[in-house]
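Have the structure open as you read.

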Amino acid sequence: MFTVRQGEYLSFIHSYTTKYGVSPSFEDIARHFGTAPPNVNGMIKTLERRGLLSRIPGAARTLRVLVPADVLPGSDFGSRARRASTPVVAAGARSPSAADAAVTATLAVLEVVMPRLPSATRRSSGAKVVIEVARAVYESLGRLGMEESRAAEVSRRVSAEGARWERDGRGTVVRRREWMPR
């Protein structure tokens, strides 16, 4: 569950990332909602604490919405209007699929594990760790009886996160690699 305003922020971040291929800056978000970047920072921290959003601390434009897109408010870039803090997820909302749940759970684990790796390891082989995790998730889902194509889609979505962890000292993505099941 999230409030209407939280849903607007999540929807804006998701739509912006989908449209431009990179997440919005705090200034972009502040400009859209007519607020100041410190207020955006507070909302981002709240969304992180609630497990609805993740980011790499200290790296620009690394916001990632962890909520399935189909439960976000439908309007393009959310709404600028302020609303009361009421729940947004309706009783009739579709539950996330097993694949969505597997991706979300795996990414949540990576968000905890990756920052704990020594920084040299993260810079030099962070993407390799993510690719190995994607491979392990693919194999585990297969053993649990998930259809191969769905397990492969989960592993693709997880391995795509490797780019977030293969960065140079300035936080810029160096190269992107993805593991694909055979």
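What follows covers a helix pair, then the cores, then the charged pairs.

This is a predicted model, so local features need pLDDT of at least 70 and side-chain atom pairs count only at pLDDT 80 or more, while totals for chains, interfaces and linings use all residues. Residues are numbered from 1 along each chain as its sequence is written, and side-chain values use heavy atoms, leaving out hydrogens and water.

Let's start with the helices (DSSP runs of H or I, at least four residues, numbered from the N terminus; strands are E runs of at least two). Helix α1 (residues 4–20) and helix α3 (residues 37–49) have axes that come within 11 Å and cross at roughly 95°. The axes are lines fitted to C-alpha atoms over the stretch in contact, with angles from 0 to 180 degrees between N-to-C directions. That puts α1 roughly perpendicular to α3 (the label covers 65 to 115 degrees). On the α1 side, R5, Q6, Y9, L10 and I13 meet V40, M43, I44, T46 and L47 of α3, where contact means heavy atoms within 4.5 Å. Sorted by type, the residues of this contact are seven nonpolar, two polar and one charged.

Now the cores. A nonpolar core is a set of buried Ala, Val, Leu, Ile, Met, Phe, Trp, Tyr and Cys residues joined through side-chain atoms within 4.5 Å; buried means under 20% relative accessible area, exposed over 50%, and partly exposed in between (1.4 Å probe, protein chains only). The largest core has 21 residues, and L10, I13, I29, I44, L53 and V67 touch the most other members. α1, α2 (26–33) and α3 each supply at least two residues of this core, with α1 giving the most, five. Leaving aside neighbours within four places in sequence, I44 is in contact with I13, F26, I29, L53, R55 and L63. Another core, of 14 residues, lies apart and includes V130, M146, A152 and V158.

On to charges: the whole structure has six salt bridges, each a side-chain nitrogen of Lys or Arg within 4 Å of a carboxyl oxygen of Asp or Glu. Here are some of them.

| Salt bridge | N to O distance |
|---|---|
| D28 and R31 | 2.6 Å |
| D28 and R61 | 3.2 Å |
| E48 and R55 | 2.9 Å |

D28, R31 and R61 are linked in a network. D28 is buried at 13% relative accessibility, whereas R31 is exposed at 57% and R61 is partly exposed at 36%. D28 and R31 sit three residues apart in α2, so about one helical turn separates them. R61, though, lies in the loop between β1 (53–54) and β2 (64–65), so its pairing with D28 in α2 ties together parts 33 residues apart in sequence.

Key:
Parallel < 35°, antiparallel > 145°, perpendicular 65-115°, else oblique. Nonpolar A, V, L, I, M, F, W, Y, C, P; charged D, E, K, R; others polar.
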